[in-house]
Amino acid sequence: MSAKSAATLRNSMRLLTVIGIAVAVVALLCTRSDSRMAFAGQQQDKQLTAAVTCATCHAGVASSFKNAPMRHAMEPDGANPLLNAHPDITSQLGAYTYRVQTRGAHSTYSVSDGKDTLTLPIHWIFGQHTQTWVLEKDGHFYESLVSYFPRENTLATTPGDQGISPHTLEEAVGRRLPIWETRVCFNCHASGVGEKLDVAKITPGLNCEHCHAGAQQHMEDAANENFKTLPKSLKHLDAEQVSDFCGQCHRTFDTVMRNRWHGPAFVRFQPYRIELSKCFVGNDPRISCVACHNPHQQLNHSTAFYDSKCLACHEARASSRVAAKVCPVAKSNCTSCHMPKVELPGGHAQFTDHFIRVVKPGEDYPE
Ligand code: HEC
Ligand code: HEC
Ligand code: HEC
Ligand code: HEC
Ligand code: HEC
Ligand code: HEC
Ligand code: HEC
């Protein structure tokens, strides 16, 4: 722990003591009899524990994570800033007209074949950029057949569903999800999803516990000055371990290989793409996901930000465990040439190819 975080922690503990004393004083002033004292004691414990959150001691991490995309991988019903700004969107796809309307922060999804219209409320909002909705009808879950693409402010076919040609209004709503798929879909975008999905109990988006198993116990213990039950540290993992950890959701190299997924649709699975690179040395933390991305923060879109990450290996004087070469062409903005953006099939959105390489003009998408 750095001296600064140690000092912050000491201050937090001091604050806790102050709160504790304040609660005790209030309790003393308000009560006389012994039993009421005992009750006040219980209340004091409760209030103390309720006052403690991760932010009490990890203030920096907790405050930046509030705005991190993964915190918002799913939005709760009633919170849809993207659609609030675009309250009425319509698109014609084949024989069907899709309309997504937002009033007072609640959205509805309608499909019409010209004669009949089916309208469903939108309760589960997936995605910060591209937005797909999981809809419920007669006890079944559906992945909306159209998604919202902010780049063109349009509704278009959900990535992966291009092969579906609906014959009925029901089919036009979306792809019916089997129970197992509904569960994994929520589990990657929300927290508190147990072995059996109960949508009433989940927390939309990723919370701390989703990545730091055991954090709840640690918080309760830490509030009582017991630091023996720390969650497993993720700070000292090597590149391959981190890739597999993030790959639980961003898909691992093995998952892509096992499923024989090919083509630019799978450029979005960064662990698989980066492991194709010559740069990827499994036991070197300089090429791990967290060398370039802080999972508690927003994604950094500046190419200059990543230069130092590349140069950690590709600089003449880099303390290199590997003999990495120096670029004969440029000294900055490395990712702009070596990590090209790839358009998803069907268009409307693009991803950064994590297969780091010399990109030849006009080359096919490399596998
Ligand atoms: C009362 C203070 C306190 C509270 C509350 C608290 N922590 Fe901690 N936490 C600590 C201390 C002290 C350490 C050990 C020093 C360190 O590594 O930062 C620690 C360590 C950790 C670590 C391991 C860091 C590493 O990589 O070594 C994680 C992860 C963590 N806490 C997450 C959480 C989460 C998530 C919560 C809320 C659910 C939480 N903590 C609540 C004090 C606290
Ligand atoms: C429990 C599932 C899960 C795990 C584990 C996970 N992610 Fe994510 N991540 C997501 C989801 C879902 C999104 C999409 C959020 C959105 O844009 O709606 C996302 C988004 C991101 C983004 C932002 C993309 C953008 O366009 O803004 C980055 C960067 C990222 N993850 C990096 C990581 C890294 C690094 C790790 C490992 C340390 C990791 N993730 C682990 C589920 C996960
Ligand atoms: C194995 C974990 C996993 C499953 C299962 C999963 N997702 Fe995702 N999803 C991710 C990750 C990671 C990202 C961020 C990277 C990306 O866009 O591919 C993401 C991205 C998205 C995005 C785009 C977010 C953006 O900001 O552009 C949408 C929309 C989405 N998922 C919806 C769904 C829906 C709906 C389901 C279920 C039918 C689902 N996902 C199932 C992990 C998962
Ligand atoms: C997507 C997964 C993910 C989520 C969600 C997440 N963390 Fe982390 N956390 C990590 C990883 C990975 C590391 C190791 C980062 C590194 O080595 O740079 C880490 C490191 C830490 C550390 C130790 C290093 C530091 O930066 O101080 C603390 C403390 C911590 N996390 C607390 C939290 C808290 C509190 C939350 C919720 C507000 C949270 N984390 C949410 C993945 C996550
Ligand atoms: C050497 C640096 C580097 C490493 C290592 C790295 N990334 Fe990235 N990543 C980038 C850059 C650069 C972008 C594009 C940022 C931008 O311009 O928006 C990016 C973008 C992303 C995005 C946003 C969607 C996209 O593809 O554009 C996600 C999610 C992501 N990375 C996840 C990961 C995961 C998971 C790992 C580990 C397997 C990883 N990254 C390793 C540099 C890196
Ligand atoms: C862990 C150290 C490491 C990091 C970090 C790293 N590389 Fe590499 N890179 C290597 C090694 C090792 C090779 C193979 C030997 C060589 O060509 O230097 C390589 C090869 C390359 C090649 C040549 C690939 C080919 O097909 O011949 C390019 C281009 C490249 N890296 C660019 C980058 C860029 C851009 C970044 C940052 C986004 C980066 N590297 C980050 C270690 C690294
Ligand atoms: C304007 C585009 C561009 C930028 C920016 C750029 N490169 Fe390159 N890089 C290239 C091209 C083109 C080649 C292939 C040159 C050749 O084969 O003659 C190359 C080659 C390389 C190689 C392979 C060298 C070898 O001898 O095989 C590495 C490693 C590399 N670049 C790393 C980087 C790093 C690190 C950065 C950022 C500091 C960077 N590049 C910035 C275009 C670029």
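Which residues come nearest to ligand 1? Of the 23 residues around ligand 1, the nearest are Cys54, Cys57, Cys208, Ala215 and Ser233, where a residue counts as near if its C-beta atom, placed from the backbone, lies within 6 Å of the molecule. Helix H1 (3-30), helix H3 (54-57) and helix H9 (215-223) are the elements that each give two or more residues to this shell; helices (H or I, at least four residues) and strands (E, at least two) are DSSP runs, numbered from the N terminus. H9 gives the most, with six residues. By type, the shell around ligand 1 splits into 14 nonpolar, eight polar and one charged, with Ala, Val, Leu, Ile, Met, Phe, Trp, Tyr, Cys and Pro taken as nonpolar, Asp, Glu, Lys and Arg as charged, and the others, Gly among them, as polar.

The model is a predicted one, in which local features need pLDDT of at least 70, side-chain atom pairs count only at pLDDT 80 or more, and totals for chains, interfaces and linings use all residues. Residues are numbered from 1 along each chain as its sequence is written, while chains are lettered from A and ligands numbered from 1 in the order in which they are written.

Now for ligand 7. Around ligand 7 sit 17 residues, with Cys310, Cys327, Ala330, Cys334 and Cys337 the closest. Two or more residues each come from helix H14 (303-311) and helix H15 (334-338), and H15 gives the most, with four. The shell around ligand 7 holds nine nonpolar, five polar and three charged residues.
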